[in-house]
Amino acid sequence: MKAMKIAFSNQLEQLVLIAGDGDFKDMVEFFTESLYKKVWIFGYKSSLSASLHEKASPGCVHFLDDIWEQISIP
């Protein structure tokens, strides 16, 4: 709900979601299709919902499996 509140107050240009749960699909769809905001999604290949993946902004889905070594601290 906080993301929605911030979006409606016009304080949000983009949204970064680190999750794979399809429960976020409606929110992501609203952000991209109604508010015209860019939504980036980061999640694991094995758990990223296909419906969430298709609602993200084009080119803005990244798999943590592919970048984990670059972003993790040894």
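This is a predicted model: local features need pLDDT of at least 70, side-chain atom pairs count only at pLDDT 80 or more; totals for chains, interfaces and linings use all residues.

Me: What makes strand 1 and strand 2 a pair, and in which sense do they run?
Reply: Pairing requires at least two bridges between the strands. Strand 1 and strand 2 have 5 bridges, in the parallel sense, so they count as paired. Within this pair, Gln14 stands opposite Lys38 in strand 2.

Me: Why are strand 1 and strand 3 said to stand at the edges?
Reply: The sheet is open and has 3 strands in the order 1-2-3. Strand 1 (14-18) and strand 3 (61-63) each have a single partner strand, so one side of each lacks a neighbour in the sheet. On average, neighbouring strands here are turned by 15 degrees against each other, direction ignored.

Me: Which helices lie against the sheet, and at what angles?
Reply: Helix 2 (residues 25-33) touches strand 1 and strand 2, and its direction makes about 150 degrees with that of strand 2. Helix 4 (residues 64-71) lies across strand 1, strand 2 and strand 3, at about 70 degrees to strand 3.

Me: Which residues of strand 1 are on the covered face, and which on the uncovered one?
Reply: Leu15 and Leu17 are on the covered face, while Gln14, Val16 and Ile18 are on the uncovered one. In a regular strand, side chains alternate between the two faces of the sheet.

Me: Why is Ala7 called buried?
Reply: Buried means under 20% relative accessible area. Ala7 has 6% relative accessibility, so it counts as buried. Ala7 lies in helix 1 (residues 2-8) and touches Leu12, Phe31 and Leu35, leaving aside residues up to four places away in sequence.

Me: Which residues touch the most other members of the largest nonpolar core?
Reply: Of its 15 residues, these are Leu15, Leu17, Val28, Phe31, Val39, Ile41 and Leu52. Helix 1, strand 1, helix 2 and strand 2 each supply at least two residues of this core. Helix 2 gives the largest share, 3 residues.

Me: What makes the contact of Glu29 with Lys55 a salt bridge?
Reply: The side-chain nitrogen must be within 4 Å of a carboxyl oxygen. For Glu29 and Lys55 the N to O distance is 3.0 Å, so the pair qualifies. The two are 26 residues apart, Glu29 in helix 2 and Lys55 in helix 3 (residues 50-55).

Me: What joins Glu33 to Lys55?
Reply: The side chains of Lys55 and Glu33 meet at 3.8 Å, N to O, which is within 4 Å, so this is a salt bridge. Through shared partners, salt bridges join Glu29, Glu33 and Lys55 into one network.

Note on methods:
Residues are numbered from 1 along each chain as its sequence is written. Side-chain values use heavy atoms; hydrogens and water are left out. Helices (H or I, at least four residues) and strands (E, at least two) are DSSP runs, numbered from the N terminus. Axes are lines fitted to C-alpha atoms, for helices over the stretch in contact, and angles run from 0 to 180 degrees between N-to-C directions. Contact means heavy atoms within 4.5 Å. Buried means under 20% relative accessible area, exposed over 50%, partly exposed in between (1.4 Å probe, protein chains only). A nonpolar core is a set of buried Ala, Val, Leu, Ile, Met, Phe, Trp, Tyr and Cys residues joined through side-chain atoms within 4.5 Å.
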